Amino acid sequence: MQNDIVLSMKKICKTFPGVRALHDVDFTLRKGEIHAVMGENGAGKSTLIKVLTGVYQKDSGTINIEGADGEITIRSPQEAQKYGISTVYQEIMLCPNLTVAENIYIGRYKDPIIQWRKTYKESGKILESLGIPANPKQQLGSCSLAVQQMVAIARAVDMDCKVLILDEPTSSLDEKEVKMIFTLMRNLRSRGVGILFVTHFLEQVYEVCDRITVLRNGELVGEYEIESLPKVKLVEKMIGKTLDDLSLIHKKEEAYKEDTAPAYEAVGLSSNVCTNSFDFKIYKGEINGFTGLLGSGRSECVRAIFGADKVSGGEVRIGGKKTRINKPIEAMNKGIGYLPEDRKQDGIIEDLSVRENIILALQVMKGFFKPFTRSEAEAYANEFIKSLGIKTPSADTPIKSLSGGNQQKVILARWLLTHPQYLILDEPTRGIDIGTKVEIQKLVLKLAEEGVSVTFISSEIEEMLRTCSRLIVMRDRSIVGELRGDEITQDKVMSTIAKGSERDEE
Amino acid sequence: MKNDIRQSGRSRNDFTQLLIPIIAIVSLFVFNMLRDPSFFSIALTVNNEGNYVLAGNLISILNSASELAILAMGMTLVTSSSGGQDISVGATAAIAGSVFVSALRNGNITPPVVLLGFLACCAVSILVGAFNGVLVAVFKIQPMIATLILFTSGRSIAYWINGGATPTVSSPIIKAIGGFIPGVPVPTPVFIVIICCLAFFLLFKWTNLGFYTQVVGINQRAAHLNGINSTWIKILTFMILGICVAIAGCIRVSRLGLINHETILAEIEMDAILAVAIGGNALSGGKFKMSGSLIGAYAIQALTTTLYAMKVSSMEIKAYKAVVIILMVFIGSPVVKDTTNRLLRKLTTKKIPAIIERS
């Protein structure tokens, strides 16, 4: 092993039933470097970390760490700790009702009696040396989130750590707090700690990291020096498409008229999860899309439109008329439908039948005291089972025994049945087979021809290129660009994602 | 796609849900048949008021299970919507019964007064239900903890209402409610249960109560995104259970002709929860079958009556009851159910090649 290498993982494989989470992934961490692991959700970042921290056992591959002879096996987080691998997670896993010093030392006392004076003195020293603005006797819960996060890091570092894993430590912090964490990270780097940094924020990677390892679909894309990999290239590597790949033709014409009032318009809309307010409008018969990497705030935006989260501000106009949408039922009554991103958590009522799942939204709109008769419900269900080609033994089958694609069609049927004027589809094609995907895309185009406005969100850019006539590009929870007509190319989308806020400054 | 094998046997599970409480009742009856066939004899006798009335163990089961059956139906709804149980029903019944009795003791007991008393008692129980419901739905307190408040304090409140005494009511009307209407040989509580069943049937037919309750119980997030106000649905189910409690309380008061706040419907909450469970309904909420809980309630009463018929003393009865309940719950447990289903499937796969075609 080279001298400066502190950790090396070679040909790591990990398979879960039905999913190949990691396949022949290499990862090397050197002393005194900050190394980002990048990839979209599901690329294998968290599995890699969990293998390293002993939460999961690798199926094959080797792990070597400095200070241990030969190959090591990590069977539990305690063992990882023993080898000097410490982790700080996104959520702070400390006890907010104990003091800072107690949190640093908790579970590590060797003496039978706690020497408080010594504990406070030692932890004071650690805090001071790392430049953490906290008093050892202060209750942890009274510190800011950033300081709590820093205390977690201090605790990890004090446990004689060689490899520090930071799993999205900045995602709930504001800019100033992020800076504090970065200062601490640089400080640790200069002490020779190897830091593995996971984040969704591209800018942060370029601010502190020395090296990037990119994963995609559980496979290693490559390891790069930060200087040699501009942002655009990084986005390409993460998504797995090159900028030259322009073979896809965008056929959609702008069929809608912009001189009429938009079918839906929002000004300065925000919700309690979509805190950056945004402007948005859509015309009758238009298909637009929100694009951006996962976690860029696409879903939060459309949820705000539908009133799914608590709306905190903004103005909404439908057909030019001012109105309010604070709850899903209000959106539904104004002709808006929303197919949620997470089919299992937000979409299906798993124990109920296909029939009940199809009529749900229309039934709620019709009212509590006006249930459909069995035969009405049966007729609606059978109509859509036929027209969408839902494969189910009968309308009475519980939805959970259907395949993912057919479940999605049921949810789609649920909203089509309400005859929406504006339909929001958040990842309607995720995790379903290619045939159904094409069917859904065709259906979207057909709906637009009939005058329905559609917002289409997909992680697969080709899909958006094929269907959308306007693309709203998002990054780091705000809108960074809007593409229309000929501008809608993969090239342009990715460069807009990568450039981001710089675009506004130009 | 990645489907669990477990999931495909749903239609069979629907069938087994009712099967278990039915098996419980049938096996109790078979046991009684072998033990003493006279258990089933029904006689027409003359009671103290000079009416011809039906008597016998079967009538006794039907009659005595009334309060439990009504509470079990309400408990099913609460269980489905909230994924938890209301353990305050016994104590609330004490409050409801006390309100009923104090309303009656204010003057002559005439039918309008009884009706008013019943309505007052309903109002109080609905209020209690709303209190529990708000704690559960708005403040997101675990149902068992939320209802623990009234479980603990309910009987004390009833004590205050009664002024520390155990007041009695005596009137032909009350006797008719708790016993027999002159000229009708079937006990009145049985009719009240039938009315309640009918009321629930119509409620489910004319409103979306049953549908929404299940949607909320299965997937609250999806319910919200489809425009259902799950907070209100949960509160509503607790309020409906409140009405059930009021009815059960009034029946019991009328049966005894007095209110004893310490003993009235004591520990019935546990039997009601048990009835829901024996009925094959998941205590974690979601999909429910009210008929299951209803049969469960009669199964529990059949067991109690059988034990009484065997001259088991009331002190010992609980131990015997526990043994049988363990058996029932064991048979109904998911592990046993799954194993049985698997065995059944093994036996039947050759005849029926595919249960559900998967795409």
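First, the ground rules. Because the model is predicted, local features need pLDDT of at least 70 and side-chain atom pairs count only at pLDDT 80 or more, while totals for chains, interfaces and linings use all residues. Residues are numbered from 1 along each chain as its sequence is written, and chains are lettered from A and ligands numbered from 1 in the order in which they are written.

Let's start with the core. A nonpolar core here is a set of buried Ala, Val, Leu, Ile, Met, Phe, Trp, Tyr and Cys residues joined through C-beta atoms within 7 Å. Buried means 20 or more other C-beta atoms within 10 Å of the residue's own; exposed means 12 or fewer; partly exposed is in between; the C-beta atoms are placed from the backbone. The largest nonpolar core holds 244 residues. Which members touch the most others? They are Val151(A), Leu71(B) and Ala72(B). The top contributor to this core is helix α11 of chain B, residues 230-256, with 16 residues. A word on labels: helices (H or I, at least four residues) and strands (E, at least two) are DSSP runs, numbered from the N terminus. As background, nonpolar side chains tend to be buried together in soluble globular proteins.

Now helix pairs in chain B. Axes are lines fitted to C-alpha atoms, for helices over the stretch in contact, and angles run from 0 to 180 degrees between N-to-C directions. Pair one is α2(B), residues 57-64, with α13(B), residues 290-309. Their axes are 9 Å apart, at an angle of about 135 degrees. So α2(B) is oblique to α13(B). The cut-offs: under 35 degrees is roughly parallel, over 145 roughly antiparallel, 65 to 115 roughly perpendicular, and the rest oblique. This crossing of α2(B) and α13(B) is right-handed. A crossing is left-handed if the near helix is turned anticlockwise from the far one by less than a right angle, and right-handed if clockwise. Who meets whom? From α2(B) come Asn57(B), Ser60(B), Ile61(B) and Ser64(B); from α13(B) come Tyr298(B), Gln301(B), Ala302(B), Thr305(B) and Ala309(B). That contact has four nonpolar, five polar and no charged residues. For these classes, Ala, Val, Leu, Ile, Met, Phe, Trp, Tyr, Cys and Pro are nonpolar, Asp, Glu, Lys and Arg are charged, and the others, Gly among them, are polar.

Pair two brings back α11(B). Helix α9(B), residues 209-218, and α11(B) have axes that come within 10 Å and cross at roughly 115 degrees. The two are therefore roughly perpendicular. The crossing of α9(B) and α11(B) is left-handed. Tyr212(B), Thr213(B) and Val216(B) in α9(B) meet Ser230(B), Ile233(B), Lys234(B) and Thr237(B) in α11(B).

On to the interface. How many residues of chain A are in contact with chain B? There are 33, facing 27 residues of chain B. On the chain A side, α10 (328-333), α11 (343-347), α12 (354-366) and α14 (404-416) each give two or more residues. The largest share, six residues, comes from α12(A). That side divides into 18 nonpolar, nine polar and six charged.

Next, phi angles in chain A. Most residues other than glycine have a negative phi. Glu168(A) has a positive phi, near 50 degrees. Glu168(A) lies in the loop between β6 (163-167) and α6 (175-190). Glu427(A) also has a positive phi, of about 50 degrees. Its loop runs between β16 (422-426) and α15 (434-449). Buried or partly exposed? Glu168(A) is partly exposed, with 18 C-beta neighbours inside 10 Å. Glu427(A) is buried, with 22 other C-beta atoms within 10 Å.

Last stop, Val214(A). This residue sits in strand β8(A), residues 211-216. Val214(A) is buried, with 23 other C-beta atoms within 10 Å. Beyond its sequence neighbours within four places, Val214(A) contacts Met38(A), Gly39(A), Val221(A), Gly222(A), Lys237(A) and Met238(A).

Definitions and conventions
Contact = placed C-beta atoms within 7 Å.
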